[in-house]
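This briefing covers backbone geometry and the ligand site. The structure comes next, followed by notes grouped by topic.

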Amino acid sequence: MSLAAEQAGSGVPLVFLHAFPLDRRMWAPQESLSRHYRRIAVDFPGFNESRLTSTSSMESMARAVMKTLDGLAVREKAVFVGLSMGGYVLMQLARIFPDRIRAAAFVSTRSGADTPEGKQKRLENIEIVQKQGVKVFVERQIPALLGETTQKERPAVIEQFRKIAMAQPANAIVGALRGMAERGDTSTVLDGLQCPALFVSGAEDTIIQSAEMEGMSRRVKNSEFHVVEKAGHLLNLERPEALDDLLNHFLKRRVL
Ligand code: MLT
């Protein structure tokens, strides 16, 4: 199936893959990249304007992304930016379609599978969504998804997060929780990655710590690793200018 997508600009395709439980609108702070690239952002199945499919596995999402790019006549290799769940999908793209990737930016993400405790937490979260609703679930995510500095000093970012996350249908959230719980370990994909890769972590991320992402970057031959200070997991919303700078420099030096 194809996904709802927006595109702007021209040049090398730069494809943004969103986090959970958000949609393509989370990439609004990265709009200026369309001045130099063909910026494309998609909604994963069930989120925002994309239809829900029978499975929300990370692999099926990756295949849907590629189908969408085919539909948009993206013929050349693209640069992909995946944040957290978007990064899990990017690992699957790298596993299944390595020849379609010009460069990869992994932001606040991991290659390991869920631990048994992590899987259990997903099941508990499914129950919260089903019994108490999306709003309660989203509110409970804030302390983990946004860094300490954002929680103290950036109320507009918290609102931006709430607005997008609370608009998602419960069945999309439940499907993605199942898909993430079932995903396998993709660390060996990193070992075989041939394209330039950027790894970015927020210093205040409590879900995936910087040391873990640095370890991932060491597995890739042609990679670089950066930490964004005063930002947590959703660092593209928390410190947009920092991520834009990193992406622009990386692309200029390693890709163009
Ligand atoms: C995300 O930001 O996409 C989620 O934190 C991913 C996850 O729950 O593993």
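A73 is partly exposed, with a relative accessible area of 35% (partly exposed lies between buried, under 20%, and exposed, over 50%, using a 1.4 Å probe and protein chains only). This is a predicted model, in which local features need pLDDT of at least 70, side-chain atom pairs count only at pLDDT 80 or more, and totals for chains, interfaces and linings use all residues. Residues are numbered from 1 along each chain as its sequence is written, and side-chain values use heavy atoms, leaving out hydrogens and water.

**Backbone**
- A73 is not a glycine, yet has a positive phi of about 60°; A73 belongs to the loop between α1 (58-71) and β4 (78-83).
- K230, also not a glycine, has a positive phi of about 55° and lies in the loop between β7 (223-228) and α10 (235-238).
- The peptide bond from F20 to P21 is cis, with omega near 0°, and P21 is in the loop between β2 (13-17) and β3 (38-42).
- Helices (H or I, at least four residues) and strands (E, at least two) are DSSP runs, numbered from the N terminus.

**Ligand site**
- Residues surrounding the ligand include F20, Y88, L145 and H233 (a residue is near a molecule if one of its heavy atoms lies within 4 Å of it).
- Ligand oxygen atoms lie 3.0 Å from a polar side-chain atom of S84, 2.9 Å from a polar backbone atom of M85 and 2.7 Å from a side-chain N or O atom of R122.

Key
A polar contact is a pair of N or O atoms within 3.5 Å; within protein, one must be able to donate a hydrogen and the other to accept it, and residues adjacent in sequence count only if both atoms are side-chain atoms.
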